[in-house]
Amino acid sequence: VLGPMAAVDASGSDGKGQGVETSVTYYRLEEVAKRNSSKEIWLVIHGRVYDVTRFLNEHPGGEEVLLEQAGADASESFEDVGHSSDAREMLKQYYIGDVHPNDLKPEGGGKLLDILDFPHRRRHSLRFLVSLLHVGKQILLRRPCWSLEAYTRGSGN
């Protein structure tokens with residue numbers, strides 16, 4: 001079924017102990033893909049759908065940049081540019097809903113895979129992962145990193 005799908009799916013607190021229901025509208029990627037011209041332009045950034053039509057003429061990078069990503073997942077391009085915190089805050093006013101869960105990429109490994117998925121963080125994350133695997137190997141083999149020192153002290157007898 002095409003088109004938005006509304007669902008009451010979250011509740012929060014207004015700070016006074018009373019829950020507040022919030023409604024999320026879900027969009028299929030096929031629906032987003034139709035919004036790919038200067039008349040109506042939608043983008044997906046990190047699973048959220050934004051209608052940036054009214055921002056087209058104001059975008060500091062030019063409207064061509066947005067038109068290239070129109071109707072598609074622009075997450076990687078958005079991160080590659082290194083948008084400021086002001087730009088990220090500004091994005092909130094164009095939010096119209098989330099990508100339908102059936103259209104989201106499988107999560108698989110949770111937060112670690114999310115971090116590794118960002119190109120600007122990939123290099124540092126892989127170094128961390130390699131270090132983590134090394135420590136894990138040491139623990140699994142029951143050979144702490146300091147075992148070489150203990151071994152060399154004991155070999156002098």
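Residues are numbered from 1 along each chain as its sequence is written, and side-chain values use heavy atoms, with hydrogens and water left out. Since the model is predicted, local features need pLDDT of at least 70 and side-chain atom pairs count only at pLDDT 80 or more, while totals for chains, interfaces and linings use all residues.

Let's start with the overall layout. The protein chain has seven helices and six strands; these are DSSP runs numbered from the N terminus, with helices being H or I runs of at least four residues and strands being E runs of at least two. Going along the sequence, the order is β-β-α-β-β-β-α-α-α-β-α-α-α. Of the 157 residues, 24% are buried, where buried means under 20% relative accessible area, exposed means over 50% and partly exposed is in between (1.4 Å probe, protein chains only). A contact means heavy atoms within 4.5 Å. Among contacts between residues at least 6 apart in sequence, 54% join residues at least 24 apart.

Two strands pair if DSSP finds at least two bridges between them. Strand 4 (40-45) pairs with strand 5 (residues 48-51) in the antiparallel sense, over four bridges. Two residues sit between these strands in the hairpin, and V44 stands opposite V49 of strand 5. Strand 5 also runs antiparallel to strand 6 (residues 95-99), joined to it by three bridges. Here V49 turns up again, with G97 as its bridge partner in strand 6.

H46 counts as partly exposed because its relative accessibility is 38%. H46 and V99 are 53 residues apart in sequence, yet their C-alpha atoms are 9.0 Å apart in space.

Back in strand 4, E40 has a relative accessible area of 30%, so E40 is partly exposed. Leaving aside residues up to four places away in sequence, E40 touches R35 and T53. The C-alpha atoms of E40 and V52 are separated by 7.9 Å, with the two residues twelve apart along the chain.

Now for the inside. A nonpolar core is a set of buried Ala, Val, Leu, Ile, Met, Phe, Trp, Tyr and Cys residues joined through side-chain atoms within 4.5 Å. The largest one holds 13 residues, of which I41, I45, Y50, V52 and L66 touch the most other members. Strand 4 gives the most to this core, with three residues. A second, separate core has six residues, including Y27, W42, V49 and V99. As for I41, its contacts beyond four places in sequence include R35, Y50, V52, L66 and A70.

Finally, there is the second largest pocket. On a 1 Å grid over the protein atoms alone, a pocket is an open set of points where a 1.4 Å probe fits, with protein on both sides within 12 Å along at least five of seven lines; lining residues have an atom within 4 Å of a point. This pocket holds about 420 Å³ of space, a volume being the space filled by probe spheres set on the points, which are joined across faces, edges and corners. Its lining has 19 residues, with F55, H59, L66, F78 and H83 nearest the centre. Strand 4, helix 2 (63-69), helix 3 (75-81) and helix 4 (85-91) each give two or more residues to this lining. The lining divides into 14 nonpolar, four polar and one charged residue; Ala, Val, Leu, Ile, Met, Phe, Trp, Tyr, Cys and Pro count as nonpolar, Asp, Glu, Lys and Arg as charged, and the others, Gly among them, as polar.
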